[in-house]
Amino acid sequence: MPPSPTGEFHVFFERHHTEFARLAYLLLGDAEEADDLTADAFVALWHRWDRVRTADHPAAYARGVVTNLARSHMRSRTRERRRVALFWSRHQEPAEGPDVPTVVDVREALARLPFRRRACVVLRHAFDVSERDTARILGISTGTVKSQASRGMAELARLLEPAEQGTDRSVEAVLALRGRRTGRYT
């Protein structure tokens with residue numbers, strides 16, 4: 001007897017939940033928002049389960065859903081920040097000098113990349129997704145994936161240059177996220 005759609009979805013959920021939550025976390029940079037987005041993604045996948053389960057690559061389809069939801073979330077967060085900044089700029093005196101962060105970690109460096117570049121770097125280097133699959137997930141060409149990932153890695157290298165000798169903050173060391181479990185999703 002073939003497994004029921006509910007059973008198939010449950011197996012898919014168990015197999016991929018951690019991966020998709022980590023993807024959402026690396027794209028958004030916030031654990032709670034990533035958890036919420038992952039839950040929303042699985043709800044959307046359940047509603048489209050007939051389409052997902054018959055897809056050539058269901059996990060790639062689901063990564064696309066997570067990435068699209070993250071993109072929408074980032075856009076809405078940006079619009080909200082602009083509204084708040086506009087409100088406060090009318091009601092406060094200008095600040096005394098820039099707020100310069102003293103420590104730049106990977107999440108902060110990733111957050112400084114444009115969304116498409118960040119998505120290419122995360123999918124290619126943290127999730128080891130092929131260029132072709134990354135292009136399919138993001139709806140862009142393979143050449144764009146190559147250039148965006150290359151530029152993103154170069155920018156990360158610049159942002160993560162060691163502040164002092166003896167500190168290993170190279171891109172390779174930092175993006176060894178999938179090799180070491182140092183945090184909630186890394």
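Predicted model: local features only at pLDDT ≥ 70, side-chain atom pairs only at ≥ 80, totals over all residues.
Reader: Okay, how many helices and strands does the chain have?
Author: The protein chain has nine helices and zero strands, where helices (H or I, at least four residues) and strands (E, at least two) are DSSP runs numbered from the N terminus.

Reader: And how much of the chain is buried?
Author: Of the 186 residues in the protein chain, 39% are buried; buried means under 20% relative accessible area, exposed means over 50%, and partly exposed is in between (1.4 Å probe, protein chains only).

Reader: Which residues have the most contacts inside the largest nonpolar core?
Author: Those are Leu45, Leu110, Val122 and Leu156, in a core of 47 residues. A nonpolar core here is a set of buried Ala, Val, Leu, Ile, Met, Phe, Trp, Tyr and Cys residues joined through side-chain atoms within 4.5 Å.

Reader: Which element gives the most to this core?
Author: Helix α1 does, with nine residues, and the elements that give two or more residues also include α4 (58-91) and α8 (142-159).

Reader: Switching to charges, how many salt bridges are there in the whole structure?
Author: A search of the whole structure gives seven, counting a salt bridge as a side-chain nitrogen of Lys or Arg within 4 Å of a carboxyl oxygen of Asp or Glu.

Reader: Which residue does Glu8 meet in a salt bridge?
Author: The side chain of Glu8 meets that of Arg53, at 2.6 Å from N to O, and this pair links distant parts of the chain, since Glu8 is in helix α1 and Arg53 is in helix α3, 45 residues apart. Glu8 is partly exposed at 23% relative accessible area, and Arg53 is partly exposed at 34%. Asp50 joins Glu8 and Arg53 in a network of salt bridges.

Reader: What about Glu155 and Arg117, are they buried or exposed?
Author: Both Glu155 and Arg117 are buried, and their side chains meet in a salt bridge at 3.2 Å, N to O. Because Glu155 lies in helix α8 and Arg117 in helix α6, the pair ties together parts that are 38 residues apart in sequence.

Reader: How far apart in helix α7 are Asp133 and Arg136?
Author: They are three residues apart, so about one helical turn separates them, and their side chains meet in a salt bridge at 3.3 Å, N to O.

Reader: Which residues form the negative surface patch?
Author: The patch is formed by Asp30, Glu32, Asp36 and Asp40, and Asp30 sits in the loop between α1 (5-28) and α2 (31-47). Patches are made of residues with over 30% relative accessible area and no salt bridge, with like charges joined within 9 Å and nonpolar side chains (Val, Leu, Ile, Met, Phe, Trp, Tyr) within 5 Å. Asp30 counts as partly exposed, at 31% relative accessibility.

Reader: Last one, where does Asp128 lie?
Author: Asp128 lies in the loop between α6 and α7, and its phi is near 55 degrees, a positive value in a residue other than glycine. Asp128 is exposed, with a relative accessible area of 55%.

Conventions. Residues numbered from 1 in each chain as written. Heavy atoms only, no water. Areas by Shrake-Rupley, 256 points an atom, 1.4 Å probe, with all protein chains shown as cover. Lys, Arg positive; Asp, Glu negative; His and termini not counted. Charge placed at Lys NZ, Arg CZ, Asp CG, Glu CD.
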